[in-house]
Amino acid sequence: MSLVFAYDLGMVALEQYIDDCMGLGRSYFAREEALAALACSSTALTAAITRLIKKRRLANPRHGFYLILRPEDQVAGAPDPIRWIDPLVRHLDLDYRVSLLRAAAFHGASNQAAMVFQVIVPRQVRNFEIGQHRLDFIFQSPRTFERINEGPWLDELLSETGYAKVAGIETTLLDCARYFHKAGGINGFAQIVKDLGKKANPDRLAEIATHYENSSVRRLGYMLDLAKHVLQAEALRPFVKKAKTTVMLDPSIKPLLPSLMEHFKKAPDWLLLINEPVEVEF
């Protein structure tokens with residue numbers, strides 16, 4: 001059998017396999033799955049995949065994992081990640097939750113049509129771009145992640161091809177407090193609190209908060225206070241008693257001289273120095 005003929009057989013077989021996947025509602029496949037299902041060599045499969053990527057019928061977000069592009073996906077270069085994040089992360093042998101801006105938008109926060117798709121995972125994973133989509137993987141220590149990523153504290157974000165795990169409202173708020181620099185900064189975080197804070201269950205919020213840094217919980221409590229989400233703010237008030245020191249609202253912004261810290265506005269109820277103005281109108 002000539003090499004060209006073998007490659008052509010691989011292409012025909014792969015195209016049929018792709019049609020079968022789409023018929024089952026799958027918009028993705030793993031290389032090893034395809035190789036096991038097809039009567040072609042690894043070399044022929046590689047050549048066929050490469051040709052279909054060039055034709056923009058496939059996209060390759062991670063080694064050994066491929067997305068099947070429908071005609072309407074080809075402009076963006078890939079489908080919405082919500083359609084394939086769950087199988088991709090399982091391919092990487094990881095648990096996960098969609099959070100921050102995408103989760104906030106899912107729960108109804110305004111102005112959160114983010115161009116970045118943010119996923120919290122318990123292992124370092126490289127960020128990447130595919131087509132017009134950018135995926136950010138935010139690391140959370142495995143021990144903390146395992147305690148937080150519980151079923152009752154998560155929701156499901158459904159798409160036409162499956163579902164994805166998404167942080168519940170309370171977990172979204174705490175994630176945004178912890179990783180506020182990835183949630184639009186202090187003011188982006190404040191807007192999310194304004195929009196979602198009233199929807200949070202106070203008892204559940206306090207329960208989940210025990211797994212976050214005390215400073216992040218106080219940051220969220222302060223914002224809930226500003227937004228007049230009284231029940232939710234009061235649920236976090238006991239965390240102030242456990243605090244040992246006053247910290248800055250935005251710890252990434254430090255004064256040129258330590259003595260300048262004395263001029264920052266203080267939020268004594270939350271043991272915070274307000275070193276970054278909150279410009280959201282509550």
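Predicted model: local features only at pLDDT ≥ 70, side-chain atom pairs only at ≥ 80, totals over all residues.

Q: What does the secondary structure of the protein chain come to?
A: You'll find 12 helices and 12 strands. The C-alpha trace spans about 80 × 40 × 35 Å along its principal axes, and buried residues make up 50% of the 282 residues in the chain.

Q: Why is Cys21 called buried?
A: The cut-off for buried is under 20% relative accessible area. Cys21 comes in at 5%, so Cys21 counts as buried.

Q: What makes Cys176 buried or exposed?
A: Again, buried means under 20%. Cys176 has a relative accessible area of 0%, so the label is buried.

Q: How do you know that Cys21 is in no disulfide?
A: A disulfide needs two cysteine sulfur atoms within 2.5 Å. By that rule the count for this model is 0 disulfides. For Cys21, the nearest cysteine sulfur belongs to Cys40 and sits 13 Å away.

Q: Which residues make the contact between H7 and H9?
A: From H7 come Glu170, Thr171 and Leu174, while H9 brings Arg204, Leu205, Ile208 and Ala209.

Q: What is the strand order in the open sheet of 3 strands?
A: The order reads E10-E12-E11, and the pairing is mixed.

Q: Why do E10 and E11 stand at the edges?
A: Strand E10 (247-248) and strand E11 (265-267) each have a single partner strand, so one side of each is left without a neighbour in the sheet.

Q: How do you know that E11 and E12 pair?
A: Pairing takes at least two bridges between two strands. E11 and strand E12 (residues 272-274) have 3 bridges, in the antiparallel sense, so they pass that cut-off. Lys266 stands opposite Leu273 in E12. In general, strands of a sheet pair through backbone hydrogen bonds.

Q: Which helix lies across E10, E11 and E12?
A: That's helix H10 (residues 214-226), running at about 55° to E12.

Technical notes:
Residues numbered from 1 in each chain as written. Heavy atoms only, no water. Buried < 20%, exposed > 50% of the residue type's maximum accessible area, 1.4 Å probe, protein only. Helix = DSSP H or I, 4+ residues; strand = E, 2+ residues; numbered from the N terminus. Contact = heavy atoms within 4.5 Å. Axes fitted to C-alpha atoms, helices over the stretch in contact; angles between N-to-C directions.
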